[in-house]
Amino acid sequence: MKHRFLIGNWKSNLTIRESREWFRDFHALSSSGAIRTDLLTIALAIPHTIMGSARTFIEEHELPIEVCGQDISVFGEGPYTGEVNARQMAEVARFVIVGHTERRTHFKENDAILYEKARQAKMYDLHVVYCVNSEHHAIPPEADIVSYEPEWAIGSGKPETPEGANDVARKIKARTGVGHVIYGGSVTDGNAGAFAMMSDIDGVLPGKASLDPAQFYRIAVALSTAR
Ligand code: PGA
């Protein structure tokens, strides 16, 4: 069975207190052993304010979760008020999302900025999860995982079909040589398995569904068992 990736994206949600409940609930569920940690990498893209306490909980309870950034600064260290740079991120996270549609739309991030962010991330050995909306999008050589996320499918409750996403994933792999392509956009515990079963899809990136620990756990189990 191929190795899969589950990248949850909390976006701008949850406080430290709320996140503790999430981790406690996920921990209780995951102790059943149904998640195949040898076959599935789970990363959780969480707000900066939560990263330190989340990391401590994950380490103390040996949770099968990697901390992921939702974004990083295009700059290195220096006078860039409000920014978290790649070196700082690498202290708490192993993965980072670059180029999410919400960054492109609300913060006007373009390919030049996103290529530089990917370069910054790689300088500190962060695994880059690079998001694109279509098969034609430019993809930097630093991308470790590409997440295909059609804009209309994000947060809409209307996912792409597994076959349609697989077709795009196959084309992205053929064009760029990237090893892993995952799918994002209205992923739930009801459809995650169908995406995971596709030959060229190596996992999923749920946003809303990752806020519910029980649903996130069920997605992890679906990805552990999908053939
Ligand atoms: P969603 O978000 O699962 O809420 O549609 C997906 C995403 O963040 O790409």
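Author: The largest pocket in this predicted model has a volume of about 480 Å³. Its lining is made up of 20 residues. Those that lie nearest the centre of the pocket are His 48, Gln 70, Asp 71, Arg 103 and Phe 107. Two elements give two or more residues to this lining, namely helix H2, which covers 48-61, and helix H4, which covers 101-106. The largest share comes from H4, with three residues. Sorted by class, the lining of the largest pocket holds seven nonpolar, eight polar and five charged residues.

The second largest pocket can be described in the same terms. About 250 Å³ of space lies in it. The lining of this second pocket consists of 17 residues, and Gly 155, Ser 186, Val 187, Gly 207 and Lys 208 lie nearest its centre. By class, five of its lining residues are nonpolar, nine are polar and three are charged.

Now to the rest of the chain. It has eight helices and eight strands. The radius of gyration is 16 Å, close to the 17 Å that the globule rule gives for 227 residues, so the chain is as compact as a globular protein of that length. Along its principal axes, the C-alpha trace spans about 45 × 40 × 30 Å.

The eight strands close into a barrel, in the order E1-E2-E3-E4-E5-E6-E7-E8, and their pairing is parallel. On average, neighbouring strands of this sheet are turned by 25 degrees against each other, if direction is ignored. One of the pairs is E2, residues 40-45, with E3, residues 66-69; these two strands run parallel and are joined by three bridges. In this pair, Ala 45 stands opposite Cys 68 of E3.

Helices pack on the sheet as well. Among them is helix H5, residues 111-123, which touches strand E4 (95-98) and strand E5 (127-132). The direction of H5 makes about 165 degrees with that of E5. Another is helix H6, residues 162-176, which touches E5, strand E6 (145-148) and strand E7 (180-184). The direction of H6 makes about 150 degrees with that of E7.

Technical notes: Residues are numbered from 1 along each chain as its sequence is written. This is a predicted model: local features need pLDDT of at least 70, side-chain atom pairs count only at pLDDT 80 or more; totals for chains, interfaces and linings use all residues. Side-chain values use heavy atoms; hydrogens and water are left out. On a 1 Å grid over the protein atoms alone, a cavity is a set of points where a 1.4 Å probe fits but cannot get out, and a pocket is an open set with protein on both sides within 12 Å along at least five of seven lines; lining residues have an atom within 4 Å of a point. Grid points are joined across faces, edges and corners, and a volume is the space filled by probe spheres set on the points. Helices (H or I, at least four residues) and strands (E, at least two) are DSSP runs, numbered from the N terminus. Ala, Val, Leu, Ile, Met, Phe, Trp, Tyr, Cys and Pro count as nonpolar, Asp, Glu, Lys and Arg as charged, and the others, Gly among them, as polar. Two strands pair if DSSP finds at least two bridges between them. Axes are lines fitted to C-alpha atoms, for helices over the stretch in contact, and angles run from 0 to 180 degrees between N-to-C directions. Contact means heavy atoms within 4.5 Å. The radius of gyration is taken over C-alpha atoms; the globule rule is 2.2 Å times the number of residues to the power 0.38.
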